Amino acid sequence: MSSTAFGILKSGYVARDTFVHRLDGRTKFLFFLWISIFNYLFYDLYVTIASFAVVMFLAFVAHIQKFVITILVIIVLPIVLLGIGIIGGPFGFAQNRTTIAAVQLFGFTIGLYLEGTIYVSVWTSRLAVTITAALLAYLTTHPSDLAAIMLKSKLPYKFAYAFLATIQLIPILTNEITTIYQAQVSRGLNVQANLIDRFKSIIVLLIPLTLGAINQTQIRAIALESRGFSAPVKKVMLRDPKLKLSDYVVMTMIVVMTGVFIYLIWTRGLVPFMVGIKYVRPGG
Amino acid sequence: MTTEGKDTGPKTVERPAGFAILQIVLIPVIAALNYVTGVIINILKLPLFMDTWATMFGTIVAGIWVGAAGGFLYNIIMAFTLWGLPAWVWGFINIFIALITWVLWRVGWVTVKSPLKLVLAGIIIGVLNVIPVTIINWGVFGLLPTYAGTAWIYAAVLASTGSAWTASIISSIIAEIPDKVISLILAAIVASRMPARFTLRPPKV
């Protein structure tokens, strides 16, 4: 994963005042779950492209399109290129029948096949939709709201703590590894060395990082206990998120669209719009 | 708390007060270490994932529950941020790895004092891990080639067998075994360097 992707996770919440930001975190996570599940049910490029258009539109509304596009380029684009090159190409994917294009190279015919290309496009656009929906929920929900939502959803407060502490720890440890890396480079660490030496370099970077992180757990544990973390009392929240009219409108739309999707599956199956394309099971 | 080693490495210490809360605080550290290792891999330009070493490390120093919970949490964070919802199922891989690491640690194979056993333990983890990896690749990625490092192997196997299943399994084996061997060696080395007062491992019965 590239440093850009880490940078996005380090930045966490993107503070803006948009329609998406004002929605309750529960609504956004419900939308994320809902659109992910339905995208994995349909085997139809039109459905996934329409879903992708919706989530990208919302990303633009929330002003997080730059983050989303960067992540998609890093994570999804390589899978698209590899997938179309191999599954859609001349490597023998069992479903390939219809040639879209073919070139003659050194006496061999190298073709690109419709079935394999559609297969890869459906799977990768599913991924793109779920990743965008996840980022939409994560980057537009304040961490304190996340904790409050977890507690309101009856999740154990220890889980809520662990989740939020991880999000807090990631940038801290990322900064620490930068410091350790600079210190080790000044002591002769060579990141351009051969493969074996680079493997050895992991140890000199990870031991100080890990011991430092473990050391801090003692301090964190004392700090938590001093605030009554294990005390057998009902926990209270700093924030108390409430559902608003806009949340109910979005939830109503989700219910209506669920009905539409169920009707589509009932009447037209899992490939409702693509003509001449059959449902292909995972792996062909 | 007991550990192996006479002169070096962790020693037998009293179970510290607040043992349970230390374990809870350690869970996010394990998750974040799995994550930050990606930064190191990126800096060193290594052809591995290494995002389960901290799960193994957590299992060695604090027990199966800490390792499994830390590893699972790492995947939950990634699923709700960069990888998208379906990727949460990778969390079961981390639970699986914590379980196997714990079993192998219990039988004394996860120790820097027996390098051969340690490497064999890594190979066992890598081979067994191919099973859940293939199941998840099937359900989440449609058995597509997702890793550029082994894509050529995938293409070669697909071309010779016509089976995406075989291509996915073989390319997973090629990627998983070195990854898990090196991850386990790393986890064992770092655990052996832990001062005794930080070790939270429950005693072997």
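**Exercise 1.** Which residues touch the most other members of the largest nonpolar core?

*Solution.* This is a predicted model, where local features need pLDDT of at least 70, side-chain atom pairs count only at pLDDT 80 or more, and totals for chains, interfaces and linings use all residues. Residues are numbered from 1 along each chain as its sequence is written, while chains are lettered from A and ligands numbered from 1 in the order in which they are written.

Step 1. A nonpolar core is a set of buried Ala, Val, Leu, Ile, Met, Phe, Trp, Tyr and Cys residues joined through C-beta atoms within 7 Å. Buried means 20 or more other C-beta atoms within 10 Å of the residue's own, with C-beta atoms placed from the backbone.

Step 2. The largest core has 134 residues, and A:Leu135, A:Leu136, B:Leu73 and B:Ala187 touch the most other members.

Step 3. Helix H6 (residues 114-139) of chain A gives the largest share, 16 residues. Helices are DSSP runs (H or I, at least four residues), numbered from the N terminus.

**Exercise 2.** Why does this core lie between domain 1 and domain 2 of chain A?

*Solution.* Domain 1 (1-142 + 242-284) and domain 2 (156-238) both give residues to the core, so it lies between them. The bounds come from an automatic or database domain assignment. Over C-alpha atoms, the two domain centres are 33 Å apart.

**Exercise 3.** Which residues does A:Leu136 touch?

*Solution.* Leave out residues up to four places away in sequence. Contact means C-beta atoms, placed from the backbone, within 7 Å. The partners are A:Val20, A:Lys28, A:Phe32, A:Val55, A:Leu58, A:Ala59 and A:Ala62.

Key. A residue is buried if 20 or more other C-beta atoms lie within 10 Å of its own, exposed if 12 or fewer, and partly exposed in between; C-beta atoms are placed from the backbone. Helices (H or I, at least four residues) and strands (E, at least two) are DSSP runs, numbered from the N terminus. Two residues are in contact if their C-beta atoms, placed from the backbone, lie within 7 Å.
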